[in-house]
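Thanks for coming. Please have a look at it first.

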Amino acid sequence: MFESICELIPRDRDYPARTWRLEILRRVLNGNLYDALPYQFHDERGAGGEYIPLRHRRPSVRYALCRIVVEDSVALLFSEGHFPTIESPDRPVRDFLANLAHETRLNEVMIDAALRGSVGSVAIQLRVLRGRVFFTVLETTHLTPVWDAEAPDTLQSVFERYKVSGALLAAQGYAVADPGTDYWFMRRWDTEAETWFVPCPVGSPSASAQIDSVRSVHHGLGFVPIVWIRNLPGSSATGDDIDGACTFRAAIETSIEIDYQLSQAGRGLKYSSDPTLLIKEPAGADAEIVKGAGNALVVSEKGDAKLLEIGGTASSAVIEYVRTLRELALESVHGNRADASRLTAAASGRALELMQQGLIWLADNLRISYGEGALLTLARMVLRAAQVYPIRALGAPAGPLDPMARLSLQWPRWYPSTADDRQKDAQTLSTLAAAGQISRQSAVNAIADTYDIEDTAAELDRIAQEFSSDRKAN
């Protein structure tokens, strides 16, 4: 069914095949995959009386299973209670990055990036405007990266190219010759500048595009201010190494089957509430037949009237089938298959982890791409940009920052600890610290997320001051 729907989605041959595949996956994620189908689900006959097959009808029930899996995994990745802390032994660097994360609402940026990037890839652009840092999430459908041949993990440039109507360009202040014609919009980021090109009509050679000197910007950072994020390791749906694997690709066909089965079940329930009336030899051939409990049907002696009803076992079978399909789909993409109705009491964080092990494995893999691969790269870019431009965060200037400072991420627990969990942690950490097997700073770091301690060094200073005050008082 998925392939049949894809055949009905128009493909612009001026774009590479990768663009079309990413667009299809994006339709699945956003819930508008069926918009290409020409008929509603209740349309059984066309204008000429021909039968309309199910593959050409839009299902009336849509269960956004793929979107649910993506949102659940992203919530475990970058929600308020799961966002990591950027750590560094260099305290000025650590404090500045913490302030920057608050000012730029970095967790919101990363949530947006992880949602959009679930189709295979996403990009985040860094900009420095009037001393402030801004991050912008860019969809990669029309972006093409170029990697340094001698450093395959370093971007050499990123090129953007897509069609736009002349009327829209005219509204944006461009001087276009024909507003009714489509134009190529083109832009390129490299290590020294963000270059805009004058839009050229579709069909003209791209090599003839002229640089738009008014809109082009020379940043002089010495690196491409874009982080390219591959979603998951493995083969991508686009068939190249530009994108990573799609989070929900393995569940698309099953999700479509669920939508159509539920639509058919709904159709059967509607029919059961108003079944077809069959009349054999009515008394008056020209008499008007009005269905309803208050209207009697009079037939001849040999006549008969009955309702063509269906049994209710089919609906139950469909629901059971859909439940099985849902389990298989969630298992194929490592979604959350835990049933909250089976929990009779509050479970510990460890118990919840075991119940949702598949979803945690998925989020754990995403931590590599969006945490170590993206979040730390953005932080290093900011440190390098601070060597070129004066930058401030929360109104405070950055000051001298070491661009080579070591950075790491400290991730919180997957699920909040219960009172029993916290008591056991306190006993364990106290025993280890008293035995000299860990430092007090490591002990405080271990519970920092549980007790919302943002600055462990400041917390240790306050603890030392309280101990000193208690000793003097005694």
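Phe 41 is buried, because its relative accessible area is 5%; buried here means under 20%, exposed over 50%, and partly exposed in between, with a 1.4 Å probe and protein chains only. This is a predicted model, where local features need pLDDT of at least 70, side-chain atom pairs count only at pLDDT 80 or more, and totals for chains, interfaces and linings use all residues. Residues are numbered from 1 along each chain as its sequence is written, and side-chain values use heavy atoms, with hydrogens and water left out.

On to aromatic pairs. Rings of Phe, Tyr and Trp (its six-membered ring) pair if their centres lie within 6.5 Å; planes under 30 degrees apart count as stacked, over 60 as edge-to-face, and the rest as tilted. That rule gives 8 aromatic pairs. Phe 41 sits in the loop between β1 (39-40) and β2 (57-58), Tyr 260 sits in helix α7 (residues 252-273), and the two are 219 residues apart. Helices (H or I, at least four residues) and strands (E, at least two) are DSSP runs, numbered from the N terminus. Tyr 260 is also at 5% relative accessibility, so it counts as buried.

Which parts of the chain does the pair of Phe 78 and Trp 411 link? First the geometry: Phe 78 and Trp 411 are tilted, 6.2 Å centre to centre and 35° between the planes. Phe 78 belongs to helix α3 (residues 65-78), while Trp 411 is in the loop between β17 (408-410) and α11 (419-434), 333 residues apart. Phe 78 is buried at a relative accessible area of 0%, and Trp 411 is buried at 18%.

Next, salt bridges, meaning a side-chain nitrogen of Lys or Arg within 4 Å of a carboxyl oxygen of Asp or Glu. The structure holds 20 of these salt bridges. Arg 187 and Glu 160 form one at 2.8 Å, N to O. This pair connects strand β8 (residues 182-190), which holds Arg 187, with strand β7 (residues 151-165), which holds Glu 160.

By contrast, Glu 253 and Arg 249, bridged at 3.1 Å, N to O, are both partly exposed, Glu 253 at 36% and Arg 249 at 27%. Salt bridges with shared partners also join Arg 26, Asp 112, Arg 116 and Glu 139 into one network.

Last, the backbone. Most residues other than glycine have a negative phi. Arg 130 has a positive phi, near 55°; Arg 130 lies in the loop between β4 (121-129) and β5 (132-138) and is exposed, with a relative accessible area of 80%. His 334 has a positive phi too, about 60°. His 334 is in the loop between α8 (313-332) and α9 (349-355), and at 38% relative accessibility it counts as partly exposed.
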